[in-house]
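I opened my notebook to look up a few things in this model.

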Amino acid sequence: MTQHPRISKAVIPAAGLGTRFLPATKATPKEMLPVVDKPAIQYVVEEAVAAGLDDVLMVTGRNKRPLEDHFDRNYELESALQKKGDAGRLAKVQESSDLATMHYVRQGDPKGLGHAVLCAAPHVGEEPFAVLLGDDLIDPRDPLLQRMVEVQEQRGGSVIALMEVAPEQIHLYGSAAVETTEDSDVVQISGLVEKPDPADAPSNYAIIGRYVLDPHIFDILRRTEPGRGGEIQLTDALQQLAEDEKIGGPVHGVVFKGRRYDTGDRGDYLRAIVRLACEREDLGPDFRTWLRSYVAEEM
C-alpha cells in the first residue's frame, strides 16, 4: 500500500464565543474552562502531541488572549514556585509551555468551521494536516488520532472520525453515508450531510471533532458558499471530496468506539469532569467515596 507523507501539523479552531456557557464565558474563553484542574484546550493539544503532531496552529478570535498566555512561559509564577520549593506545581505550570510549537492566527469574522480551517491555509501549505475541535475530548487510552493519521498515511485523501449514535440524536451531528472496507474500523465515505433530520440521515454514523485533511480542502473551501446556519460548513467541502476522488483522494472514516467526553454541552461538561475525576489516582478514591454517599443520600 502506498505510503503518504508524514503529518506533522495540527489545527485547533478556537474562535467560538461559547454562548452556551454564559456568563462564565463573558470574559473567559470557553476553551479555558477547567476540566478538573486543566483547561479543556490543554487536553486537545496533548492529544495532538501524543499523535506526533507537535506543530500546532490555534485559530482564535477576539478576547482569546488567555489561550496564548496559557501556552506561554510565566516567569513570575515559575520563580515564585521555585522559591517555595514547590516542584510539583512548577512542573505543571511549565508543562503547557513545553508541549508543542504553538502558532496563532485570528479568524476575523465568525463564518463557521470551514472558514476557520481555511484561515490555516498559509501555515499548513501543501501538507496533509489534522483538525481537532476542542469540544470533544478523547481519552488518551483510546488513541483515535493516531489511528486516523495511520489510515491517512496508508490510503491518502482525508479521514474523519465517526461514532455511532442513537438515530434520534443524529440531527445534532453531521451524518455520513458509508461503505465497508477490509479493515473493521475503517469505512469509505460516499456522502455527508450536516445535521440532517433523522428521517433524512444516510446513517447513524455521526461525525465527531477529529479530521485529517488533504490540503486540497482549502481550494474547495474558498469556493464553498455558506450553508446551514449561514456559515461555511466543513462538511459541505468534504462532501465534494467524497463525490470526486480525483480532487484530493478518497474520504475515509475511522469508527471510534472508545471514551469520548463532550464538553460542548453544560450537562456533558459536568459529566466529563466527574468521569475524569473518578479515574484520577490522586482524586479518585476520595471523590468516588463521596459521590457514592451523595447519590445514596439524594436517592
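My entries follow, topic by topic.

**Ground rules.** I am reading a predicted model, where local features need pLDDT of at least 70, side-chain atom pairs count only at pLDDT 80 or more, and totals for chains, interfaces and linings use all residues. Residues are numbered from 1 along each chain as its sequence is written, and side-chain values use heavy atoms, with hydrogens and water left out.

**Salt bridges.** I looked up side-chain nitrogens of Lys or Arg within 4 Å of a carboxyl oxygen of Asp or Glu. The structure holds 21 such salt bridges. One of them pairs Glu 31 with Lys 64, with the closest N and O atoms 2.8 Å apart. This pair links distant parts of the chain, 33 residues apart. Glu 31 sits in the loop between strands E1 (9-13) and E2 (34-35), and Lys 64 in the loop between strand E4 (55-60) and helix H2 (65-70). I took helices (H or I, at least four residues) and strands (E, at least two) as DSSP runs, numbered from the N terminus. Both Glu 31 and Lys 64 are buried. Buried means under 20% relative accessible area, exposed over 50%, and partly exposed in between (1.4 Å probe, protein chains only).

Next I checked Arg 141, which bridges to Asp 139 at 2.7 Å between the closest N and O atoms. Arg 141 counts as partly exposed because its relative accessibility is 45%. Asp 139 has 3%, so Asp 139 is buried.

**Nonpolar cores.** Here I looked for buried Ala, Val, Leu, Ile, Met, Phe, Trp, Tyr and Cys residues joined through side-chain atoms within 4.5 Å. The largest core has 44 residues, and Ile 12 and Leu 132 are among those with the most contacts inside it. Helix H1 (residues 40-50) gives the largest share of this core, 6 residues. A second, separate core has 34 residues, including Leu 118 and Val 255.

**Pockets.** A pocket is an open set of points on a 1 Å grid over the protein atoms alone, where a 1.4 Å probe fits, with protein on both sides within 12 Å along at least five of seven lines; lining residues have an atom within 4 Å of a point. The largest is lined by 48 residues, with Arg 20, Lys 30, Leu 133, Asp 135 and Lys 195 nearest its centre. Strand E11 (205-213) is one of the elements that give two or more residues to this lining. E11 gives the largest share, 4 residues.

The second largest pocket is lined by 24 residues. Asp 139 is among those nearest its centre. H1 supplies the largest share of that lining, 5 residues.
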